[in-house]
Amino acid sequence: MYSSSQHQRAHEDPAALRFTFYEVISANAAAPPELRSLQNRCLVPGLYATHLERWLSHYPPNQLMIIDGQQLRNDPAKVMDELQKFLGVTPYYNYSQALTFDPQKGFWCQLLDGGRTKCLGKSKGRKYPPMDPEVTANSSTFRSRAFLSRFYRDQNIELSKLLHRLGQPLPAWLREELQKVR
């Protein structure tokens, strides 16, 4: 969500440039239309249970593979191997030999002949400013994160129930969010 907002900023979306991240996520019904539009573009993709239920209305669970984004980020070759097995892809493509971690970019890149790498565009690896720059160091609560935890609370509970019903493990981020609910 924050990355999406920063992406909009980098592409000079007028609303993203005009409003702070907190203003975007916490906008109410009386907010200007361009702010509400940006808010929807940022918040709606995070409604994972809703999106997954929609997919399940068209496909049986055994035809869907749910991938933990953090696992994909940390070990893309392993995740891609699992995906190939799930899909029955042949011939097998060895991602362990095709990807390498680029410490300067901070993510995995394609390994080319001669040890060179090819990474996705300039935006990958971009460093973002703090989510709540106006919060003092003494504050133990960051208002944007707190707002998002409250906003997604019910949706995250539904996602955990859905993943449990499907026999899928909970991603670490979801376990952390559910700890806040108790």
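What follows is a quick chat about strands, a disulfide and a few residues.

Q: First off, what kind of model is this?
A: This is a predicted model.

Q: OK, strands. In which sense do S1 and S2 pair, parallel or antiparallel?
A: Antiparallel, over 4 bridges. Strand S1 covers residues 99-102, and S2 covers residues 107-111.

Q: Which residue in S2 does Leu99 stand opposite?
A: Leu99 stands opposite Gln110.

Q: How many residues sit between S1 and S2 in the hairpin?
A: There are 4 residues between them.

Q: New topic. How many disulfides does the structure hold?
A: The structure holds 1 disulfide. The bond joins Cys109 to Cys119, with an S to S distance of 1.9 Å.

Q: Which parts does the pair tie together?
A: Cys109 lies in strand S2, and Cys119 lies in the loop between S3 and H9. The pair therefore ties together parts that are 10 residues apart in sequence.

Q: Why is the disulfide called right-handed?
A: Because the torsion about the S-S bond of Cys109 and Cys119 is about 105 degrees.

Q: Is Cys109 buried or exposed?
A: Buried. Its relative accessible area is 2%, and buried means under 20%.

Q: And how does Cys119 count?
A: Cys119 counts as partly exposed, at 24% relative accessibility.

Q: What about Cys42, buried or exposed?
A: Cys42 is buried, with a relative accessible area of 2%.

Q: Let's pick Lys127. Where is the place of Lys127?
A: Lys127 is in the loop between strand S3 and helix H9. That helix covers 143-165.

Q: Why does Lys127 count as exposed?
A: Because its relative accessible area is 67%, and exposed means over 50%.

Q: Now into the helix. Is Ser149 buried or exposed?
A: Ser149 is in helix H9. At 16% relative accessibility, Ser149 counts as buried.

Q: What does the side chain of Ser149 make a polar contact with?
A: With the side chain of Glu177, at 2.8 Å. Leaving aside neighbours within four places in sequence, Ser149 is in contact with Glu177 and Lys180.

Q: Last one: where is Leu47 found?
A: Leu47 is in the loop between helix H4 (33-43) and helix H5 (48-56). At 22% relative accessibility, Leu47 counts as partly exposed.

Q: Which residues is Leu47 in contact with, leaving aside its neighbours within four places in sequence?
A: Phe151, Tyr152 and Gln155.

Q: And how far apart are Leu47 and Asp13 in space?
A: They are 23 Å apart, C-alpha to C-alpha, and 34 residues apart in sequence.

Technical notes:
Residues are numbered from 1 along each chain as its sequence is written. This is a predicted model: local features need pLDDT of at least 70, side-chain atom pairs count only at pLDDT 80 or more; totals for chains, interfaces and linings use all residues. Side-chain values use heavy atoms; hydrogens and water are left out. Helices (H or I, at least four residues) and strands (E, at least two) are DSSP runs, numbered from the N terminus. Buried means under 20% relative accessible area, exposed over 50%, partly exposed in between (1.4 Å probe, protein chains only). A polar contact is a pair of N or O atoms within 3.5 Å; within protein, one must be able to donate a hydrogen and the other to accept it, and residues adjacent in sequence count only if both atoms are side-chain atoms. Contact means heavy atoms within 4.5 Å. A disulfide is a pair of cysteine sulfur atoms within 2.5 Å. Two strands pair if DSSP finds at least two bridges between them.
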